[in-house]
There are 2 protein chains.
Amino acid sequence: MRARVLGSAAGGGFPQWNCACDNCVLVRAGDARVVARTQDCLAIEQQSRWLLVNASPDVLRQIEATRELHPRALRDTPIAAIALTNGDLDHVLGLFSLRESQPLVFYATERVFSGLMERNAIAHTLRRFSGQLTYRRLVIGEPCAVPELGDVTITAFASPGKLPVHLIHALEPHAEDNVGLRITGSGTTLTCATSVRDVRAVVSHLAPSDVLLLDGTFWSSDELVTQRVGSARAEDMAHHPIGGDRGSIAALASVEHLGRKILTHINNTNPILREDSPERAWVARMGWEIAHDGMTVLT
Amino acid sequence: MRARVLGSAAGGGFPQWNCACDNCVLVRAGDARVVARTQDCLAIEQQSRWLLVNASPDVLRQIEATRELHPRALRDTPIAAIALTNGDLDHVLGLFSLRESQPLVFYATERVFSGLMERNAIAHTLRRFSGQLTYRRLVIGEPCAVPELGDVTITAFASPGKLPVHLIHALEPHAEDNVGLRITGSGTTLTCATSVRDVRAVVSHLAPSDVLLLDGTFWSSDELVTQRVGSARAEDMAHHPIGGDRGSIAALASVEHLGRKILTHINNTNPILREDSPERAWVARMGWEIAHDGMTVLT
């Protein structure tokens, strides 16, 4: 089982289209300390077939940037399946770019799948003909085989978070709204938890892992406020900030049986995006890596 | 009034993610005869404020590729308004990437707007707060002021086409499903008709124009069939092919008072994408240009 990060930014990407925070200004200026990032997406391979974890709005350029994901026949894709961790637009909008009558298999909880497919007329584009879309339900705590990729299995675990912004007024919160995934294959385990409101609520599901991809959205709770780009705190947006004594990195310091520990889903305002920031240096000292687009996380 | 093509490909873009037709293979190989293209989008400027005509799934990278569309303040966009010609996903999906609580004004027919906003839960992301989204209705034949851009006005004309694939089973066809736009400002007229089933049905609306952007999706009716990538004919997909005696270019040969004549919304299978093709040479001899991403069409 191999894995590669296709996109490592939070919703909006880096730079974000309507943002001129310090980081966004630097990256548009071509400053060597920062690298542009597309929105959160992970690709996992076994037997030359690929599973996407989430489908970001940037999925078409992520595919074109990844030679192994190009078609190998006249109409074809090596992407066999897509697993969703929640229904946030930065995780699902790309699904509607993966049409052109291409059969696909979706893995998602019933809440995430129905919130997407039954409440949006545009979803019919993925159901133009019988057999275009195959749905396999993820149930929290139950391993789900992914036969498209040999012996790969996915096990979802609850990651208390929030409903997608566009469903908050329509639905009551539910444990299946937001999940982390433990993905195993060939004796290797990759754990992915990129939307984590409180890392203490999921810590029991993170180890053992050969690779852990963790929510690195915000450095601090008040990051948007102090940079004057928003009024919400990290916790309001269901993300546990990574820095400081109460941050997620400190909370996981004593957890054993974690191999590579990688932060991803990084917001454009996060100081860890700058190569020369003290925050980035601290993250490295604590034994964590910072994801970038195209990063191989499992070989 | 200035205008620039942000994206010049039909739905799916060029290359298309799941296609290995001759053109897609060439462009992925970096062949100098072809240039990659993102999906159909046009940007029009007056008084340093911009109107997008359609919002393609590639809108975020189109914005980043266009310096004038970058924010000029901490949270800001020079994009003041978006006009839609139909509800096809390659024209509307990008709207859901233009959120981040940014106020925007939409111009669309009532059919296109309601098909999008009332039938899709994800549309709530554009209505998080009062005033985020302002809708101004386009009515066929009635000039509609665009005060965000000085003296610019938009006049929609019916362009008989088809419903978006995802609404075909839900709605009866209607004249407002698909329109062309005549956009005037500072004494200049740009006409945009990128989904045209039969050019004879719209010819009376095309002139006079300083710039005409026309549906250049397919060279021939049977292009998908002969290249073995599909079974539909151009007309089945509501596009008038451009080539040959019965093509749109021949049909417009005697129309006067057209300034620059430009083909856009070009499908990945279209031979005019290759610099050395006889079809491209013929198009040039007939007095037409072929759009590319970043092309300035009005200065």
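These legends accompany close-up views of a predicted model.

**Figure 1. The interface between chain B and chain A.** In this predicted model, 49 residues of chain B are in contact with 49 residues of chain A. About 4,500 Å² is buried between chain B and chain A. Carbon and sulfur atoms give 60% of that area. On the chain B side, the residues that lose the most area to chain A are W17(B), L74(B) and R75(B). Together these residues account for 20% of what that side buries.

**Figure 2. Polar and charged pairs across the interface.** Between chain B and chain A, 2 salt bridges are found. A salt bridge joins the side chains of R28(A) and E64(B), at 3.0 Å from N to O. Polar contacts across the interface of chain B and chain A involve 16 residue pairs, both residues being at pLDDT 80 or more. Two helices of chain B, α2 (59-64) and α3 (89-92), each supply at least two residues of the side that touches chain A. The largest share, 4 residues, comes from α2(B). By residue class, the side of chain B that touches chain A holds 22 nonpolar, 15 polar and 12 charged residues.

**Figure 3. I82 in the largest nonpolar core.** The largest nonpolar core has 62 residues. Within this core, I82(A) and I82(B) touch the most other members. The view of chain B shows the surroundings of I82(B). Leaving out residues up to four places away in sequence, I82(B) touches L51(B), L52(B), N54(B) and A55(B), and also L95(B) and L98(B). In soluble globular proteins, nonpolar side chains tend to be buried together.

**Figure 4. Helix α4 of chain B and its covering.** Helix α4 of chain B spans residues 110-117. Of its 8 residues, 7 are buried, so the helix is largely enclosed by the rest of the structure. The buried residues of α4(B) are R111(B), V112(B), F113(B), S114(B), G115(B), L116(B) and M117(B). Their cover includes α3, β5 (104-108) and β6 (133-137) of chain B.

Figure 5. The side chains of R111(B) and D177(B) form a salt bridge, 2.9 Å from N to O. This pair links distant parts of the chain, 66 residues apart. R111(B) belongs to helix α4 of chain B, whereas D177(B) lies in the loop between β8 (153-158) and β9 (179-185) of chain B. D177(B) has a relative accessible area of 7% and so is buried. R111(B), with a relative accessible area of 18%, is buried too.

**Figure 6. The surroundings of G11(A).** G11(A) sits in the loop between β1 (2-7) and α1 (22-28) of chain A. From G11(A) to C21(A) is 10 residues in sequence and 15 Å in space, C-alpha to C-alpha. Apart from residues up to four places away in sequence, G11(A) touches Q16(A), Q39(A), D90(A), H265(A) and N267(A) in chain A. Under the same exclusion, G11(A) also touches E100(B) in chain B.

**Figure 7. S209(A) in strand β11 of chain A.** Strand β11 of chain A covers residues 209-215 and includes S209(A). S209(A) counts as buried because its relative accessibility is 6%. Its side chain makes a polar contact of 2.6 Å with the side chain of T191(A). A polar atom of the S209(A) side chain also lies 2.5 Å from the backbone oxygen of L206(A). Leaving aside neighbours within four places in sequence, S209(A) is in contact with R182(A), T189(A), T191(A), H257(A), L258(A) and G259(A).

**Figure 8. Salt bridges within chain A.** Over all chains, the structure holds 27 salt bridges. One joins D58(A) and R61(A), with the closest N and O atoms 3.0 Å apart. D58(A) counts as buried, at 5% relative accessibility. R61(A) counts as partly exposed, at 27% relative accessibility. The side chains of R260(A) and E289(A) meet in another salt bridge, 2.8 Å from N to O. That pair links strand β12 (residues 258-264) of chain A, which holds R260(A), to strand β13 (residues 289-290) of chain A, which holds E289(A). The two residues are 29 residues apart. R260(A) is partly exposed, with a relative accessible area of 29%. E289(A) is partly exposed at 28%. A network of salt bridges links R2(A), R4(A), E45(A) and E68(A).

Note on methods: Residues are numbered from 1 along each chain as its sequence is written. Chains are lettered from A and ligands numbered from 1 in the order in which they are written. This is a predicted model: local features need pLDDT of at least 70, side-chain atom pairs count only at pLDDT 80 or more; totals for chains, interfaces and linings use all residues. Side-chain values use heavy atoms; hydrogens and water are left out. Contact means heavy atoms within 4.5 Å. Buried area is the accessible area (1.4 Å probe) that two parts lose on being put together, summed over both. A salt bridge is a side-chain nitrogen of Lys or Arg within 4 Å of a carboxyl oxygen of Asp or Glu. A polar contact is a pair of N or O atoms within 3.5 Å; within protein, one must be able to donate a hydrogen and the other to accept it, and residues adjacent in sequence count only if both atoms are side-chain atoms. Ala, Val, Leu, Ile, Met, Phe, Trp, Tyr, Cys and Pro count as nonpolar, Asp, Glu, Lys and Arg as charged, and the others, Gly among them, as polar. A nonpolar core is a set of buried Ala, Val, Leu, Ile, Met, Phe, Trp, Tyr and Cys residues joined through side-chain atoms within 4.5 Å. Buried means under 20% relative accessible area, exposed over 50%, partly exposed in between (1.4 Å probe, protein chains only).
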